[in-house]
Amino acid sequence: MNVRRAAFSAALTASTAIVIAFLLLPVVAIFVDVPPGQLLDGLRSDAAAEALRVTVKTNVIALALVLLFGTPAAYQLARRRFRGRALVVTLVELPLVLPPAVAGVGLLAAFGTLGLLGGTLDALGVSIAFTQTAVVMAVAFVASPFYIRTAIAAFEAVDPALLDAARTLGAGPGRVFVRVALPLAASGLGAGAALAFARGVGEFGATIMFAGSLRGVTQTLSLAIYELFDVDFDAALAVSALLVVVSGTLLLVAKLLPTWTRSPSTFLSGSVRSTSS
Amino acid sequence: MKLALAACTALVLASGAAAAEPPQLTVYAAASLTEVLPRIDARQRYSFGGSNQLAFQVRQGAPADVFMSASPEFTQALFKDGLVERPHRFCSNKLVLAVPRSNPAGLRTVFDLKRKDVKLVVGTARVPVGSYTRIVLRKLAMTSVLTKVVSEEPDVKSIVGKIALGQADAGFVYTTDVRAASDRIRAIAIPPWAQPKVHYEVAVVRSSEHRAAARAWIARLSQGRARRLLRASGFGIK
């Protein structure tokens, strides 16, 4: 019996070791293959610098849009109980599991020149193809479910009694949302935003299909890696290393945010007091 | 008795033939060969892509038996480094300017690119079709139109896709690509004097386990049926 127990425990340890080694080795290899000094040189290349600029700009805009529209939508979906709610939530989550190539084809079929809305957009004089707008749309499409999912959970975790209390104390629904629900769900929303941003920064498939790849315009860091890897592997490694650091930081933020602000009693009383004042 | 013996012999011969059937080869080939190769020989396994990226994969030890490049640059570099056997030229191609069938930018000649406001798509400078495009533009003294490029694509089929979908107004591709997608795009000719020399080379990968079979397969490329199919697809044959 003891032998069996030891064998099981050893098997668990071995599996864990294999999982960690397999998942970490490629990440470690990126940093081992090139010395740090060379990594910095690689980042100073024009292609990398421009790709960084494009990535930051498009992702900040995409995240702003996701927050602007996603937060009220998530609040609505978390608060209201209606028929087909589960279906709506599932539909919102769909891009999460959709292959990026499918996202690219879908965006082309909807907003492409020959797509569903292509004629309408054309009549309005709007051409999305190959612009940073296309990058922003691709990023927002694949990243928003990461935010909205987490945001729904964060709003659901807010005690409805607190929202009702604010209402009885005379706050309108808008004021309850801004002054009570938002602060209470803030850490969850922040975590969701960090995850969405990380997914957006890594977006590749939908972008190259829908927005193309042009240095300084639509070429993001992920696309730059793809263009560089056979020409200048060191530069591709450098850009990859940068993305590892950025993604790792975002994951850490998403993990730590909820724990940083976990002092509900003070938090709640503070918010409620401010709404009633 | 005689019949049984004959049947036995036939069976033995058949099984012998089955055992001697050549192995399935893995062929890494330039994207512009996407349509014609399976037509020449549907039994092999193909991986199509930009010649530069395929060459990089061969360098990284990809399990290719045969490498077919749209430019001698990549086969010769691999040959020099001892990674492939001596390359052979097996066909040639020409560049054209491709436009969507509806031709939204109203291009009639390649020179219209200078005047009109067009969304132009080209290959990256590294992929053969992209470097040929830059040669053409230099010969035409039209390198300034590169400012109208809205996307640099990793291989020629991505360029064709962007034009076929009407996302882009024009792009430089091979004449064979237009034939393969003639229901959606059409070609505007480039003057012969501005044409680059587009030669395709094929080589056996040294690390292949089926080198003899790969050599035999390559030899068949220069035989009647393969040549007919290449020519019918628009490739040039010596």
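This report covers chain B, its two domains and its contact with chain A.

## Basis

This is a predicted model: local features need pLDDT of at least 70, side-chain atom pairs count only at pLDDT 80 or more, and totals for chains, interfaces and linings use all residues. Residues are numbered from 1 along each chain as its sequence is written, while chains are lettered from A and ligands numbered from 1 in the order in which they are written.

## Chain B overall

Chain B has 10 helices and 10 strands. These are DSSP runs, numbered from the N terminus: helices are H or I with at least four residues, strands E with at least two. The C-alpha atoms fill a box of roughly 85 × 40 × 30 Å along the principal axes.

Of the 238 residues of chain B, 46% count as buried (20 or more other C-beta atoms within 10 Å of the residue's own, C-beta atoms being placed from the backbone). Take the contacts in chain B with a separation of 6 or more: 71% join residues 24 or more positions apart. Two residues are in contact if their C-beta atoms, placed from the backbone, lie within 7 Å.

## Two domains

Domain 1 of chain B spans 23-92 + 199-232, and domain 2 spans 95-194. The bounds come from an automatic or database domain assignment. Their centres, over C-alpha atoms, are 26 Å apart. Each domain of chain B gives 12 residues to the contact. On the domain 1 side, helix α3 (residues 51-59) of chain B gives the most, with 3 residues.

## Contact with chain A

Here chain B supplies 15 residues and chain A 14 residues. On the chain B side, α3 and β7 (149-153) of chain B each give two or more residues. β7(B) gives the most, with 4 residues.

Note on methods: A residue is buried if 20 or more other C-beta atoms lie within 10 Å of its own, exposed if 12 or fewer, and partly exposed in between; C-beta atoms are placed from the backbone.
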